[in-house]
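My entries follow in the order of the look-ups.

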Amino acid sequence: MSAASRAPLRSNRATARVRRRAALGAGAAVAALLVSACGSGGTSGGGGDTHFITGSDGIATVGKGERADAPDLSGETVDGKQLDVDDYKGKVVVLNVWGSWCPPCRAEAKHFQKVYEDVKDQGVQFVGINTRDTSTGPARAFEKEYGVTYPSLYDPTGKLMLRFEKGTLNPQAIPSTLVIDRDGKIAARTLQALSEEKLRSMLEPVLAEK
C-alpha cells in the first residue's frame with residue numbers, strides 16, 4: 001500500500017477518535033447536569049432559625065417545644081384530585097418532595113412505598129410533592145412504575161416549597177423529606193435520598209410520641 005493510500009486511513013482513524021472523545025465528553029456533561037439538576041442533597045436549608053439539629057446521618061430534628069407549624073399545603077394532586085394536608089392533623093405525615101426526572105427520587109421510591117404499606121394503619125399518612133415536572137404525565141408514569149399508592153400534590157414551579165419558613169427546605173435539594181407531627185408541626189427533615197432504614201429511623205421517634 002502506498003503512502004498516499006495510507007494517509008486517508010490515518011485521517012479517518014483520527015477523526016473517529018475525535019468523535020469518540022466528543023461523545024464521551026457530552027455524556028459526562030449530561031451526567032453532571034442530571035446530578036446538579038437533582039440536587040446534591042446535603043443538610044442545609046439555607047438560613048433561617050428553624051431549630052434543626054442535624055445528626056451525622058444527615059437527618060435533622062427539632063425538639064417538641066420548638067417546632068414550627070407546617071404551612072398550608074393544599075391543591076391539586078397529580079391525579080387531578082384535591083388534597084389538603086391539614087386534613088391529616090392527628091396523624092403523623094411523611095412529606096416527600098420528588099420529581100420523575102430525578103434519579104435519586106427513583107432510587108428511594110420503592111423504600112417509601114414499602115414503609116408506607118407497613119405504617120399506614122398506625123396513624124401515618126405519606127404525601128408527595130411533585131416538582132419541576134412540566135406535566136402530570138411523567139409523574140403518573142413514575143407512580144405506576146414504582147407502585148406508589150399515596151397521593152402527591154402537583155407543584156411544577158415549587159410554589160408549595162416556598163411556603164415553608166426560610167431554612168426549612170432548599171428548593172435545589174431534591175429529593176427532600178419532612179416528618180410532620182400529629183399537631184401539624186415539623187419534627188424532622190432531610191435533604192437527601194433515603195434508604196428504607198433511614199426513613200424508618202426518621203419516622204419512628206415521631207410516631208412514638210404521645
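I began with Arg140, which lies in helix α3 (residues 136-146); helices are DSSP runs of H or I with at least four residues, strands are runs of E with at least two, and both are numbered from the N terminus. The model is a predicted one, in which local features need pLDDT of at least 70 and side-chain atom pairs count only at pLDDT 80 or more, while totals for chains, interfaces and linings use all residues. Residues are numbered from 1 along each chain as its sequence is written, and side-chain values use heavy atoms, with hydrogens and water left out.

I noted a relative accessible area of 40% for Arg140, so this residue is partly exposed (buried is under 20%, exposed over 50%, partly exposed in between, with a 1.4 Å probe and protein chains only). Leaving aside neighbours within four places in sequence, I found Arg140 in contact with Val78 and Asp79, where contact means heavy atoms within 4.5 Å. The C-alpha atoms of Arg140 and Val78 are separated by 6.6 Å, although the two residues are 62 apart along the chain.

I then turned to the rings and found six aromatic pairs (rings of Phe, Tyr and Trp, the last by its six-membered ring, with centres within 6.5 Å; planes under 30 degrees apart are stacked, over 60 edge-to-face, the rest tilted). Trp98 and Phe142 are stacked, because their ring centres lie 4.5 Å apart and their planes meet at 25°. This pair links distant parts of the chain, with Trp98 in strand β5 (residues 92-98) and Phe142 in helix α3, 44 residues apart. Trp98 is buried at 5% relative accessibility, and Phe142 is buried at 4%.
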